[in-house]
Amino acid sequence: MKKYILILPIIALLLSSCGRMMIKLYNIKSPIQKKAVWEKDDRTIIFLPMIHLSKQAYYDEVKLFVTQKQKEGYVIYFEGIKEDTTLTKAERDTVQMKFRKILGFNLFKGKTYKENMTLSYKVPKKYVGQTLENTGIDPKIDINADLSSTQFIEQFEAEFGKIVLDSCDFATPLDEIYRCKRTKKNSYSIRSIRDNYVNKLLLNTSDKKIVLVYGNRHRTFIDACIAHKMKFKLVEGKSIAAKVEKKK
């Protein structure tokens, strides 16, 4: 069974008052109230922007919405870097170490951030992590709109240079807290690779009814793709695609 792992750029802020405030403010509204609905001819794309740590009630609403749309014939496109099951153990360990070098923790240890013991801080008890199960996503019929672990590392190194592992990386077990020197690339570098992937997927799909369940931090460029490249019209909700257009 494949593991699908979400990347949460704000995870490093969780112990600070700023980080807690960000999550609190984002969770004021129902997740369904944050959706954007786009239409063009006989096609519809519903973008449901997600936060990957929230209270259980948040994901209960998401699951109810997603399962209803599945019944209505929508295809669910979901976020989640999947671990490459074709790798040998040595190759898998290397990929995990390279991800850890970028993120500062081992992305693949634990089903959610709550269970990940490689984080150097604890996630507040009142929050639960987003999973396929608590959002109603079925990987057997829904579409994983994200890269595999191998694909991501290959693209990252092609764009930003080879990730060089040092003695500290090899000496630190993959299930322990990481205290070695990280790469200098920020969360935008990580996000841009994945944004490009999901945008290409949307541009080339023949699916006519889509619910895109994806992290809110990806919204700017996904909105821009749907609005400016695909020429869809926003019929419900708000879009931040205009911000991208103004920067051009």
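## The disulfide

Two cysteine sulfur atoms count as a disulfide when they lie within 2.5 Å of each other. In this predicted model, cysteine 168 and cysteine 180 make such a link, with an S to S distance of 2.0 Å.

Are the two cysteines buried or exposed? Cysteine 168 has 30% relative accessibility, so it counts as partly exposed. Cysteine 180 has a relative accessible area of 10%, so that residue is buried. The cut-off for buried is under 20% relative accessible area. Another cysteine to look at is cysteine 225, which counts as buried because its relative accessibility is 1%.

## Rings that meet

Now for the aromatic side chains. Searching the whole structure turns up five aromatic pairs. Take phenylalanine 99 and phenylalanine 108: their ring centres are 5.2 Å apart and their planes stand at 85°, which makes the pair edge-to-face. Both of these residues, phenylalanine 99 and phenylalanine 108, are buried.

Phenylalanine 99 also pairs with phenylalanine 152, again 5.2 Å centre to centre. Here the planes are 20° apart, and the pair is stacked. This pair ties together distant parts of the chain, with phenylalanine 99 in helix H3 (residues 89–103) and phenylalanine 152 in helix H5 (residues 149–160), 53 residues apart. Phenylalanine 99 and phenylalanine 152 are both buried. Step back and you'll find a cluster, in which ring pairs link Phe99, Phe108, Phe152, Phe156 and Phe160.

## Strand S2 and its partners

Let's finish with some strands. Strand S2 (residues 36–40) runs antiparallel to strand S3 (residues 43–50), and five bridges join them. Which residue of S3 stands opposite lysine 40? That's arginine 43. S2 and S3 form a hairpin with two residues between the strands, and there aspartate 41 takes a positive phi near 55°.

S2 also pairs with strand S10 (residues 233–236), in the antiparallel sense and over three bridges. To spot this pairing in the model, find valine 37, whose bridge partner in S10 is glutamate 236.

Definitions and conventions: Residues are numbered from 1 along each chain as its sequence is written. This is a predicted model: local features need pLDDT of at least 70, side-chain atom pairs count only at pLDDT 80 or more; totals for chains, interfaces and linings use all residues. Side-chain values use heavy atoms; hydrogens and water are left out. Two strands pair if DSSP finds at least two bridges between them. Helices (H or I, at least four residues) and strands (E, at least two) are DSSP runs, numbered from the N terminus. Rings of Phe, Tyr and Trp (its six-membered ring) pair if their centres lie within 6.5 Å; planes under 30 degrees apart count as stacked, over 60 as edge-to-face and the rest as tilted. Buried means under 20% relative accessible area, exposed over 50%, partly exposed in between (1.4 Å probe, protein chains only).
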